[in-house]
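Please open the model in your viewer and keep the sequence panel beside it. The tour below moves from one selection to the next and says what is there at each stop.

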Amino acid sequence: MKTFSPIHSLHHIPTSASEVRFVYPQHNLGDVDLLHQIGYKQELRRHYSTIQVFGIAFSIMGLLPSITSVLTSGLVTGPAGLVWDWFIASFFIFCVGLSMSFMGSAIPTSGGLYYYINYYCPDRYRVALSYLIGCSNSLGLTGAICSITYGFAVEVLSAVSISKDNKFTQTNPKTYGVFAAAIVLNMVIACLTTKHAAKFQTVSICVNVFLVILFIIAVPVGFSRHNSFNSRGYIFGKWENERDWPIGWSAIMSWNPALWTIGSFDSVIHCSEEALNAQRSIPVGILGSIAACWLLGWVIVIVCAACIKDGDTARIIASETGSSMAQIIYDALGKKWAVAFMSLICVGQYLSAISLMIALSRQVWSFARDDGLPVVYKWVKYVDPKIRVPVRATIFAGCCALVMGCLCIIPGTAGANALFSLAIASNTLAWGTPVLLIVLPYGRKKFIPGPFYFGKTLTFIINIITSLFIPFIIIMSMFPESTIVDKDSMNYTCAINGGVWMLSIIYYYTRAWKTYTGPKSNLDGTESEEDDNVKNVDEVLEVKA
């Protein structure tokens, strides 16, 4: 295996980081040829159409189910905080998505973020920093699937609580039991062939869109039968503060619902080696999913604010159902419909978890392919040539999620909250670092755009906004909920993230440097490009059929 970066000769095996020149017309290359240029074999099947690439990110975001999981965090600053924090945070997330689309369109590979670090970073730091980002991105996606599945478990138990007139006691061990069962089933489903996984994305899109439309119509109609909607002044101007932080900082902390919901769009990049016309479908997937969730999510939170019974947000936050959204739906539709609606939301949340498991397994597999995972990389990177699905990587990712999910057993909500913040902090570091590198002179000179590009000036401005936003969000996500820090209010994100980042660097310099030298080409000169391209054409026909 040789260390490599993108090259100009399709039949030349790269040997060093100095061979980093895009001198070919990228938009004229087929997916398989471009992947060979990047330095990898086509080991996975390409089945994802553009709409299915969009579906990967959109279904992972799982708009209504995800908002259900984090609604309380937004409501602590009142209805106006919920509404405006969502809109403002979404704008900055869209800027991050633009920056990610520029890079994904230029170099579409499952390794994605840690690959970009290796390519755009000066030689002195590139391997160590690439290793850190590979670990951070893997941790962030694991935290994301844990938080999504935890939200699913809470929603299931909330539906049970409503059905039993709030006489059902929700405990952390019960929550973990549902969580663990869901993760195990996730592993099984995610091990399906990519062909079935691609079709699954279409189903997931339909389910999530149906849930959003149903909520926007049914909840206001049901609520209006017995109550009056809250006024525009209440929805857009009523600020409250349930935290003991100053209202300004508390409002910024309430960006977390949008940051967590409209996240993990890098999953599109991790599945790029299974996408058709990847250089164009990646930007569509990233930006389409962010824009849809930005606008539809804003409508959802406005509906939530309008349908808070008697304008009593404190009552919604402290709901005995264990879910603010469940209480809003219960007040609007009654017991039977609330149970049915929460059951549908659970389905949507679970579909999101499956999509994310697929993306996480691809990130873990690509990192193992480059010998990045400690100890187990040789076992994890194997792909059965018959089914062409990274089954072992999926199993490994699921086991890691089961271990990390033990945080939700910690008494109180601190451990569970850490799962949400963990996903935000680790992923934003992985997103922001390569963007920062292409803003700096060394990386800016090496950046050769793909088909999706806004020109030097506008692209540079967008990347600057992203580079400033990312470190601010990382710091914000690590703040505790209260100024008085104890075991219940402690934000364990700083300890877990900081610990993993530090251990990653220590492990790299003590041992990993012997095996991990950055992305490695697995081309050996024996690839049959003709066979790969024939398979690619056959798969296109299957998708269209």
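Two residues are in contact when they have heavy atoms within 4.5 Å of each other. This is a predicted model, in which local features need pLDDT of at least 70 and side-chain atom pairs count only at pLDDT 80 or more, while totals for chains, interfaces and linings use all residues. Residues are numbered from 1 along each chain as its sequence is written, and side-chain values use heavy atoms, with hydrogens and water left out.

**First stop: Thr68**

Select Thr68, which is found in helix 3, residues 63-75 (helices are DSSP runs of H or I with at least four residues, strands are runs of E with at least two, and both are numbered from the N terminus). Thr68 is buried, with a relative accessible area of 5% (buried means under 20% relative accessible area, exposed over 50%, and partly exposed in between, using a 1.4 Å probe and protein chains only). Not counting residues up to four places away in sequence, Thr68 touches Glu155, Ser323, Met325, Met342 and Ile345.

**Second stop: the nonpolar cores**

Next, select Met100, Phe215, Val219, Phe265, Ile286 and Ile329, which touch the most other members of the largest nonpolar core, a set of 156 residues (such a core is a set of buried Ala, Val, Leu, Ile, Met, Phe, Trp, Tyr and Cys residues joined through side-chain atoms within 4.5 Å). Helix 15, residues 324-369, supplies the largest share of this core, 19 residues. Stay on Ile286 and show its surroundings: leaving aside neighbours within four places in sequence, Ile286 is in contact with Gly97, Met100, Ser101, Phe265, Val268 and Ile269. Another core, of 7 residues, lies apart from the largest one, and among its members are Phe152, Cys346, Tyr350 and Leu351.

How many cavities of 30 Å³ or more does the count give? The count comes to 4, where a cavity is a set of points on a 1 Å grid over the protein atoms alone at which a 1.4 Å probe fits but cannot get out, and lining residues have an atom within 4 Å of a point. Grid points are joined across faces, edges and corners, and a volume is the space filled by probe spheres set on the points.

The largest cavity holds about 110 Å³ of space. To find it, select Ala144, Leu259, Trp260, Gly263 and Ser264, the closest to its centre of the 15 residues that line it. Helix 2 (50-61), helix 6 (123-163), helix 11 (256-261) and helix 18 (414-439) each supply at least two residues of this lining, with the largest share, 4 residues, coming from helix 18. By class, the lining of the largest cavity has 9 nonpolar, 6 polar and no charged residues (Ala, Val, Leu, Ile, Met, Phe, Trp, Tyr, Cys and Pro count as nonpolar, Asp, Glu, Lys and Arg as charged, and the others, Gly among them, as polar).

For the second largest cavity, with about 60 Å³ of space, select Ile93, Val96, Leu259, Ile262, Ile424, Thr428, Trp431, Phe469 and Ile470, which line it. Two or more of these lining residues come from each of helix 4 (78-106), helix 18 and helix 20 (456-477). The lining of the second largest cavity has 8 nonpolar, 1 polar and no charged residues.

Now turn to the salt bridges, of which the count comes to 6 (a salt bridge is a side-chain nitrogen of Lys or Arg within 4 Å of a carboxyl oxygen of Asp or Glu). Select Arg126 and Asp123, whose closest N and O atoms are 3.4 Å apart; the two are 3 residues apart in helix 6, so about one helical turn separates them.

Move on to Arg243 and Glu481, which meet in a salt bridge of 3.0 Å, N to O. Arg243 is in the loop between helix 9 (232-237) and helix 10 (247-253), and Glu481 is in the loop between helix 20 and helix 21, 238 residues apart.

Finally, select Arg369 and Glu273, a salt bridge whose closest N and O atoms are 3.0 Å apart. Arg369 lies in helix 15 and Glu273 in the loop between helix 12 (267-270) and helix 13 (278-306), so the pair ties together parts that are 96 residues apart in sequence. Arg369 counts as buried at 4% relative accessibility, and Glu273 counts as buried at 0%.

Conventions
On a 1 Å grid over the protein atoms alone, a cavity is a set of points where a 1.4 Å probe fits but cannot get out, and a pocket is an open set with protein on both sides within 12 Å along at least five of seven lines; lining residues have an atom within 4 Å of a point.
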